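Trainee: I am new to this structure and would like to walk through it with you. Could we take it one question at a time?

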Amino acid sequence: MTLFIEQCLNGLQFGLLLFLLAAGLTLVFGIMDLVNLAHGSLYMLGAYFAATFAAWTGSFVFGAVLALGATLLVGMAVEVIAMRRLYGRDHLDHVLATFGLILFFDELVRLIWGAGGMSLPLPSWLNTSVRVLPGVDYSAYKLSIIVVSLAVAAFLYFLVMRTRLGMLIRAGASNREMVGALGVNIKLLFTLVFGLGAALAGLAGLMQAPILTVQIGMGENILILAFVITVIGGIGSIRGAFVAAILVGFIDTLGRAYFTDLLRLTFTKETAATAAPALSSMLIYLLMAIVLVIRPEGLFPASSK
Amino acid sequence: MIPTFNLRTTVGLLLLLALVLLPVYVELTGSRFLLTLFTRIVILALAAVSLNLILGYGGMMSFGHAAYLGIGGYAVGMLAFEGITTGFVQWPVALLVSAFFALVIGALSLRTRGVYFIMITLAFAQMAYYIVAGLARYGGDDGLTIEKRSQFIAPINLSNKVQFYYICLGLLCGAIYLVWRLVNSRFGMALQGARSNDTRMRAIGFPTYRYKLTGFVIAGTLCGLAGALLANHTDFVSPAMMYWTRSGDLIIMVVLGGMGSTFGPLFGAVALLVLEEVLSGITEYWQIILGPLLLLVVLFARGGIDGLLGKARHG
């Protein structure tokens with residue numbers, strides 16, 4: 001039971017982390033109609049920046065804040081240099097151009113930081129465990145990821161639904177030309193939104209960095225997951241991304257933890273042990289296929305357009 | 001349709017002629033490496049030709065085309081592992097299995113459109129990737145070495161590198177011809193019509209879903225053939241064959257060469273792989289050049305190489 005609660009918390013933590021990534025993707029897609037494969041590269045950069053800055057300043061928190069700023073700047077630079085020219089183009093063009101960016105960023109990271117991975121050590125005050133329920137201890141760091149992600153989700157909701165900037169963002173999503181015609185600096189707005197998405201990806205990357213090793217290509221696997229989430233949730237819908245991210249986080253984590261036991265009920269021990277890892281990695285793709293067959297627009301189709 | 005001889009067709013045919021003569025050059029200079037490189041190029045060009053049918057002519061942005069490369073390859077690899085080395089079984093099985101997967105994936109994916117289609121094909125390819133990576137009996141993540149290439153009757157010997165090259169080239173020419181015939185047939189016209197305006201095609205009575213699905217299955221089957229060849233070429237299959245970046249490479253080839261053109265995929269495959277080879281000779285960090293180059297092609301050279309050779313569009 002203790003283990004089950006711990007796995008549930010892991011699922012929640014992973015889901016929230018995925019939400020940070022998916023929120024950026026879905027924001028950029030919903031507003032600029034832009035498919036950004038290079039989102040995973042920004043996630044990777046966030047992790048590398050955090051590891052580097054934390055080593056420089058000697059402080060995890062300072063490193064994280066600096067890394068966040070740096071990813072924001074990189075994101076805005078990418079928008080100004082490349083993405084800006086892709087609006088209104090075919091989705092295929094987006095896929096190709098951002099695929100090129102992935103190659104570029106992967107190689108750039110290899111050039112600067114070398115092919116070997118890096119690690120981001122946790123400060124001692126985070127490297128402990130906290131009693132979350134009577135008899136259940138949970139990693140303080142993972143708990144703090146949950147707290148930070150929830151705070152960011154709340155902030156995003158507030159930003160998009162309750163502020164003037166959010167109003168412009170939503171207006172831009174439903175009709176770009178009209179918002180531009182009304183005198184809003186749509187170029188700047190897009191740069192800001194892209195930067196915001198990049199910062200969210202960077203935040204996810206730097207928070208994941210102490211748990212996994214920081215390495216080239218770390219953004220690629222998780223990017224696909226983030227895409228699956230945006231598609232399940234309905235592209236352009238932040239609420240959908242939130243629900244789908246939590247769903248995927250739980251299914252993936254619990255699937256990995258319990259699928260072997262589940263299979264053992266009906267199959268032999270060996271079959272279960274060999275088939276389970278592959279099948280549990282497939283679960284979320286299966287979920288996506290089912291969702292798309294039943295609701296081709298995702299769970300919460302964005303009402304815009 | 002009578003082929004009109006223009007610059008693009010001429011260059012395409014000249015390139016094919018150069019590929020036919022390549023082994024002679026290799027014999028004269030003795031550079032075996034070139035033959036290996038170009039066998040690989042020809043095989044991947046075949047995969048790109050198959051993708052061009054649905055991407056270029058059908059407007060279906062499949063981001064999971066490498067899955068069939070892997071499925072075809074694994075069909076050969078797994079049969080060889082189980083002791084069935086005859087190509088007369090291996091190759092038909094590779095084609096049938098690829099066709100079957102294309103049918104299932106296509107039937108589900110074609111219910112969606114636009115960016116959802118890109119993503120769902122990607123997801124299916126990743127699923128296939130994880131299935132194969134989980135097959136512990138066949139090497140799992142590490143892949144599977146093929147001890148013996150596909151066996152055919154007497155004069156055909158795939159272990160003979162020159163002969164194998166010519167077989168691949170012959171199949172590539174066959175595929176280019178097949179796709180050319182297909183797109184200029186009634187079926188191809190309907191497919192291209194569905195690309196331009198799906199609603200209108202349905203309004204005038206074409207069941208576009210079936211046309212697109214048929215195109216999807218043909219493309220998947222052809223790519224499965226390329227997979228079977230690739231497995232024989234490298235004597236090795238691994239899940240990496242169907243990783244999503246490989247699907248990206250195939251899309252690059254098609255777009256770089258020129259979407260929806262007869263020889264475009266061939267141009268693209270030759271250009272991309274030769275470029276990779278040249279750049280990796282210049283610097284270890286060659287992708288730092290290739291990435292932005294890709295961006296520039298997307299931004300400024302939409303028609304790809306085919307478009308540079310002539311402005312008029314096909315079909």
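Trainee: Where in chain B is Arg111(B) found?
Mentor: Happy to start there, and keep in mind that this is a predicted model. In chain B, helix 4 covers 87-109 and helix 5 covers 115-133. Arg111(B) belongs to the loop between helix 4 and helix 5 of chain B.

Trainee: Does Arg111(B) count as buried, exposed or partly exposed, and why?
Mentor: Let us count neighbours: Arg111(B) has 15 C-beta neighbours inside 10 Å. A buried residue needs 20 or more, and an exposed one has 12 or fewer. Because its count is 15, Arg111(B) is partly exposed.

Trainee: Which residues is Arg111(B) in contact with, leaving aside its neighbours within four places in sequence?
Mentor: Look across to chain A for these partners. Arg111(B) is in contact with Val293(A) and Pro296(A).

Trainee: Which element gives the largest share of the side of chain A that touches chain B?
Mentor: The contact takes 36 residues from chain A and 35 residues from chain B. On the chain A side, the elements giving two or more residues are helix 4 (91-113), helix 9 (218-233) and helix 11 (269-294). The largest share, 16 residues, comes from helix 4 of chain A.

Trainee: Which residue is the bridge partner of Arg131(A) in strand 2 of chain A?
Mentor: Strand 1 (residues 129-133) and strand 2 (residues 136-139) of chain A pair in the antiparallel sense over 4 bridges. They form a hairpin with 2 residues between them. In strand 2 of chain A, the bridge partner of Arg131(A) is Asp137(A).

Key. Residues numbered from 1 in each chain as written. Chains lettered and ligands numbered in written order. Predicted model: local features only at pLDDT ≥ 70, side-chain atom pairs only at ≥ 80, totals over all residues. Contact = placed C-beta atoms within 7 Å. Pairing = 2+ DSSP bridges.
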